[in-house]
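Student: Hi! Could you walk me through the strands in this one?
Tutor: Happy to, let's have a look together.

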Amino acid sequence: MIHKRAAQILEKKETLEQKLIQSSTLSREEIVEAQKKLGEISDIAAFADHYLKVYTEQQEALKTLEESTDPEWSLYLEEELKKLKSSIALAEQDLRVALLPKDAADERNAILEVRAGTGGDEAALFAGDLLRMYIRYATIMNWKTEMMSCSETEMGGIKEAIILVKGKNVFANLKFESGGHRVQRVPETESQGRIHTSAATVAVLPEAVEVDIAIEMSDLRIDVYRSSGPGGQSVNTTDSAVRITHLPTGVVVQQQDEKSQHKNKEKAMKILRSRLYERERQRLADERDSVRQQHVGTGDRSDRIRTYNFPQDRFVDHRINKRFNDLNAILSGEKLGEITKSLLENDRAMKLLSTTE
């Protein structure tokens, strides 16, 4: 039962605290490990403690009611028990959410990739709108962004852009953005006022570090060439652009934004490492649960997750079937947090459902 689990959590927390009190008998490694475990369990223990207090109060009220011979006192206790029933249900829900397995990548920085899909110039302009939305949202969240690469069109849109977003719980907040984004609006170049539908795709990857993915240099083919800008104009007269192919998987990364071949290679390796890390994460998730996907949004280019309808000023997230208004506030990043919150709550609800099935 859940109250037994709560008691075990508090007991474990107390054991760790006692262990640290007697730290003079521990090695440095043991102290660091105990502190890490205590930090991990402290938040859960707060929910466990609250649940047990409400549970104990409920049990005491039930016992008192059974022993009561005073009608007025019994009536009062019955009213209190109704309130406690509601309180214990909320406390149990909070504890179950706290006990859900954490995604190890949630606290990481993220590499966010935006690409124009079907729709020509309008798709590229929409991809640019999405990129600016994420950059503005990052500013609101006090995150930092670094442009890794950007391929622009002559009309001011983007064919492809990759940014690194750094900050607290970046991947946790952005991971549900992965998938296909569709826009319905009248392009500025449309003289007859017809609504066009175009699309862009977004992929969000947790930033990987070297210890996550071991890449053998023998598995790489590295090509260098001269970088070029929009319309094929020469940007650099030296072979500074880099293309890295990971031969075992066929993953290809290209970088040409920097004038230095070394810097382009460094950026390309960072992106490659994160893409391979995400592939491995997805493979393990699929193995664990072939029926139910463990996380929403995988970067599947055929997955349409959102529709941005400008004529009706309506935004729909198809995964949670929820509508939002005020597209300007969404694309400015101001309202994106509200949508992210809804997706996080839905993810928790689905996970809770799976733990009780």
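**Strands and their partners**

Student: How many bridges join strand E2 to E3?
Tutor: Eight bridges join strand E2 (residues 144-152) to E3, and the two run antiparallel. Strands here are DSSP runs (E, at least two residues), numbered from the N terminus, and two strands pair if DSSP finds at least two bridges between them.

Student: Before we go on, what sort of model is this?
Tutor: This is a predicted model, where local features need pLDDT of at least 70, side-chain atom pairs count only at pLDDT 80 or more, and totals for chains, interfaces and linings use all residues. Residues are numbered from 1 along each chain as its sequence is written, and side-chain values use heavy atoms, with hydrogens and water left out.

Student: Back to E2 and E3: what do they form?
Tutor: A hairpin, with five residues between them. Glycine 156 in the turn has a positive phi of about 95°. Along this pair, serine 149 stands opposite isoleucine 162 in E3.

Student: Which residue in E3 does alanine 110 stand opposite?
Tutor: Valine 165. Strand E1 (residues 110-116) pairs with strand E3 (residues 158-166) in the antiparallel sense over six bridges.

Student: What about E4 and E5?
Tutor: Strand E4 (residues 179-185) and strand E5 (residues 196-206) run antiparallel and are joined by seven bridges. There, glycine 180 stands opposite threonine 201 in E5.

Student: And the order of the whole sheet?
Tutor: The order is E2-E3-E1-E5-E4-E9-E10-E11, an open sheet of eight strands with mixed pairing. The edge strands are E2 and strand E11 (322-325), each pairing on one side only.

Terms used. Helix = DSSP H or I, 4+ residues; strand = E, 2+ residues; numbered from the N terminus.
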